[in-house]
Amino acid sequence: MMAPRVRAVSVDSGRHDGGFMSLVDRDIEMSQLRQWLAESIQGNGRVVLIKGPVASGKSELLRALAEQSAADGMLILGAWARSSERHVPLSVLRQLLRHLPDGGQMWPAARPDGAPATSGEHLATGPAWLFDTVPDACSLLVEHAAERPILVLVDDVQHADPASLDHLLRLIRQIRQARLMIVFTEAEHSPWELGALHTELLRQPYCRGLRLRVLSPDGVGRVLAAHSIAATDELVESFHNASGGNPLLLRALAQDFARPAPAAGRNPVGAVIGHAFGRAFLTCLHDSGPSAVRVARGLAVLDAAASPALLSELIELDPAEVRRVCDELETAGLLAAGAFRHAEAQAVVLDEMSEPERQELRRRAAELLHAKGASVSVVARLLIASYHAGSPWALSVLHEAAEHALNQDEPALAVRCLQLARDSCTNEKQRVAITAMLAQAEWRTNPFAVVQYLGELSAALRAGHLGPRAAVSLARYQLWHGRLDDAAEALRSVEATAVTLDKATSGMFRAALDVLRCWVPPAAEAATAGAGRGGGTGPRARPGGVLGAVLTYGAEHTGPEAERFLRSVRLDDESVDLVQAALLALVYAGALDQAARWCSALLREAARRDAPTWMGLLAAVSAEISLRKGNLPSARQDADFALRQFPMRSWGTGIGIPLAGSVLATSTMGRYAEADGLLAQPVNGAALASHAGMHYLHARGRHLLATDRLGAALDDFMACGEFMRKQDLNNPGLVPWQSSAAEVFLRWGDLTRSRKLIEEQLAQPGGNVGRPRGLALRQLAAVHVLPKRSALLRKSIEALHSCGDRVELARALSDLGQAHHDLGEFDQARAVRAQALEYATECCVEPLRDALVGADPRPGGDGAIALLSEAERRVVALASEGDKNREIARKLYITVSTVEQHLTSAYRKLNVRRRTELPRNVCLDCASSA
């Protein structure tokens, strides 16, 4: 007779024996069972109880034993006790006896009243009549064992019905000298009472016990090898930790690992938690009983806040039962130290619940934890997850949790808390306060998100429901998004109550006004004339005042004042604008090393605290510092990093500085098409009418100048000048628009206007020191006669060297090399050009590098002339004879702009700076024919 198939079901079918694991880590147990089996065949009956956690391989061990016994000629009687049939009388005994010869005829065919009995009735009808008709199973089995050894296997005996257990207990007492062996399996922590069976097993000397454990790391490695997975020490440890050594979970993990694209993504050195694992975990959980499911769900909801007492109260389960279930799940590898082994297991348990079930359990957990005095952050997370804030205490918890989240640099949590509070709040004034705080939290990660609240906050301001501190913040948001009139209105409202402001709010207000005057003067002008005056420290003690002083009066005392502020302030949402102002004051004053040191430290702090808005503002300053040091790749990298922190449209009026940094670095490196693409980004008018807008206009003008669009470039430079004059910003440390405009006039041959602009720049506060001085002297050298040119260039080089601008230093050295060459000092020219080439190469200034590499040893030499196009030769021929651009355009029937482009290109190819240096032997026949 074939052995019955004892339960051993694969993961894919949804059943839980752990799959065929080749009895890994079960050699000792199998050897012991074989010994007892041999003893029973010799007439010494044996009873064995195998205990172990759920899915630890108990059923697989029974199957292996059944196969061994069948091979030895034994009769196998197997039964699987199901929890669903625990109340069906004799259900287990019927499974066993049906495998005996003619076992099916042992059950009565009719009820006592003569009615036929179906097989279903055999199981469902109570023992009042069935017990009397069932033969004596014990005697029957013993009789059969005399003819052929019998192995009785009962899987999950904890679920056996009491009537079957009664027969089995009688059988146990009668097999001392029978060729019969009974093997039971039982869950490690059974919720069912098996006292009588356990007592009988202890009483009889021929009864034995085995206890299965989860797999060891060595066993895990052997299982992985059987699944063709290279079992490195790291991988074995990962799989063992993820599965807890549970065979079923381990096999599921192996399946997930082998899939080409597992749901959770592949980790090359660790286990993959995927779909198969999730199903296996739930199978183990449900096979552990309803109490285990309740406990797991409670743990999943409470998470780190879980304790046995809280868990018991939440799921309304006896504390002793909770402890028993937790012990069982931990023994089975489903839990570790009373918690899930990994977040994926927790997610699986939560996902199995319906949405109403999850929300209700989370709501109850929030109420319970609040009543117990738990952390507001923990309670708030549960309220958010349940989307419930209807209780009177919930709004205060959410508000307090949001404040704590912002202080702990968790703006995303703060936003979720405040959104739920705002949606649940019915009090208008309370809702305004929540909205103001929500705008602050949103601002830290994405300034554009604040736009949705501006209308509501502006209305609250007019209704008198917005406090002064919130009004100042509102003005900052409005200013950022170009709503200058609204920003002025907000500041006027604060100024009207200035005498009643506390010291902190008053200082914040005054500093904000200082920055406003520098950053967007039109908004400052719209504020009341008295705003910003009054008590407190002087304007230079505030970062906005320091910035204004630098731009108006020059760099005196700037460094110490700005650094004093930076040492005293804590970086936060309210101070970040002021911090940027202090950093820019250092930049415009030429204190680049100090600015770089502070900026780097503050950027690290902003990154550590996960604040994209702060990182964007600080990275923009870092890009400006790199530009002024001539580190073009770093400037482009910092500017692009700033622009990536949030969408381009979120930058508002602040877009000027990072976009200018990216444009100017890219264009200076000769990547003109990329720079054109960056300039195609839309920039609103409010951004251009701001301090940051000057950076943008100047950068755009420099790119237009580099690409020979001189008229458009001059327009941008002059727009910078008009803005700065109107706002009384005299320091060219902001943008050196005069020296840039002078270069345009120099290319047009208008030396008088070029010289005038340069001398104006040198006369301004801060214009005759550091980088502005170096730029101005280089341009001034170009309008002077050759003997004086070298001396001015040396002074320019000295200034540029001291400020560290390597790009401008390379340009000045190139000009000096040309001056030496024009004076016939060819050795000196060669040496200076070599220095210029080294700097140009180091800074990636490809146009200058190419010009230096291809420079002809003689001005206008034949090698350089050969590089000119036919059209360029015609223009050069006429220009070298003294014709102005308009005269050349008229003679050659082309536009003035085309003349400018040809001349600029020719200057570069011939390595000359002005018309007087143009060779006179260029295509004279073409000119005369024209």
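**Figure 1. Overview of the predicted protein chain.** Of the 930 residues in the protein chain, 57% count as buried. The model shown here and in the views that follow is a predicted one. Its secondary structure comprises 49 helices and 7 strands. Among the contacts in the protein chain with a separation of 6 or more, 67% are accounted for by residues 24 or more positions apart. The accessible surface of the chain amounts to about 38100 Å², and carbon and sulfur atoms contribute 52% of this area.

Figure 2. Helix α17 covers residues 355-371. With 17 residues at 1.5 Å a residue, α17 should span 24 Å, and this agrees with its end C-alpha atoms, which are 24 Å apart. The buried residues of α17 are Arg358, Leu361, Arg362, Ala365, Ala366, Leu368 and Leu369. In an α-helix there are 3.6 residues a turn, so residues three or four places apart point the same way. The packing partners of the buried residues of α17 are α13 (290-302), α14 (308-315), α16 (343-352) and α18 (376-386). After α17 comes Gly373, which has a positive phi, near 80°.

**Figure 3. The aromatic pair Phe239 and Phe257.** A total of 8 aromatic pairs is found in the structure. In one of them, the ring centres of Phe239 and Phe257 are 5.6 Å apart and the ring planes lie at 65°, so the pair is edge-to-face. Phe239 belongs to helix α10 (residues 233-243) and Phe257 to helix α11 (residues 247-258), so the pair ties together parts that are 18 residues apart in sequence. Phe239 and Phe257 are both buried.

Figure 4. The rings of Trp443 and Tyr477 form a tilted aromatic pair, with 5.0 Å from centre to centre and 40° between the planes. Trp443 has a relative accessibility of 1% and counts as buried. Tyr477, at 4% relative accessibility, counts as buried as well. Trp443 and Tyr477 belong to one aromatic cluster that also includes Trp480, Phe646 and Trp651.

**Figure 5. The salt bridge between Lys629 and Asp593.** The whole structure contains 50 salt bridges. One of them joins Lys629 and Asp593, whose closest N and O atoms are 2.7 Å apart. This pair links distant parts of the chain, as Lys629 is in helix α31 (residues 612-629) and Asp593 is in helix α30 (residues 592-608), 36 residues apart. Lys629 counts as partly exposed, at 24% relative accessibility. Asp593 is exposed, and its relative accessible area is 51%.

Figure 6. Glu743 and Arg747 form a salt bridge in which the closest N and O atoms are 3.5 Å apart. Both residues lie in helix α38 (residues 737-747), where Glu743 and Arg747 are 4 residues apart, about one turn of the helix. Glu743 counts as buried, with 7% relative accessibility.

Figure 7. Asp822 and Arg789 form a salt bridge, and their closest N and O atoms are 3.9 Å apart. Distant parts of the chain are linked by this pair, with Asp822 in helix α42 (residues 806-822) and Arg789 in helix α41 (residues 786-803), 33 residues apart. At 24% relative accessibility, Asp822 counts as partly exposed, whereas Arg789 is buried, with a relative accessible area of 9%.

**Figure 8. A network of salt bridges.** Five residues are shown in this view: Asp409, Arg444, Asp573, Glu605 and Arg609 are linked in a network of salt bridges.

**Figure 9. Cysteine residues.** A disulfide is a covalent bond between the sulfur atoms of two cysteines. The count for this structure comes to 0 disulfides. Cys844 is in no disulfide, and the nearest cysteine sulfur, which belongs to Cys843, lies 7.4 Å away. Cys844 counts as partly exposed, with 26% relative accessibility. Cys425, by contrast, is buried, and its relative accessible area is 9%.

Technical notes:
Residues are numbered from 1 along each chain as its sequence is written. This is a predicted model: local features need pLDDT of at least 70, side-chain atom pairs count only at pLDDT 80 or more; totals for chains, interfaces and linings use all residues. Side-chain values use heavy atoms; hydrogens and water are left out. Helices (H or I, at least four residues) and strands (E, at least two) are DSSP runs, numbered from the N terminus. The expected span of a helix is 1.5 Å times one less than its number of residues. Buried means under 20% relative accessible area, exposed over 50%, partly exposed in between (1.4 Å probe, protein chains only). Contact means heavy atoms within 4.5 Å. A disulfide is a pair of cysteine sulfur atoms within 2.5 Å. Rings of Phe, Tyr and Trp (its six-membered ring) pair if their centres lie within 6.5 Å; planes under 30 degrees apart count as stacked, over 60 as edge-to-face and the rest as tilted. Accessible areas come from the Shrake-Rupley method with a 1.4 Å probe; for residues, only the protein chains shown count as cover. A salt bridge is a side-chain nitrogen of Lys or Arg within 4 Å of a carboxyl oxygen of Asp or Glu.
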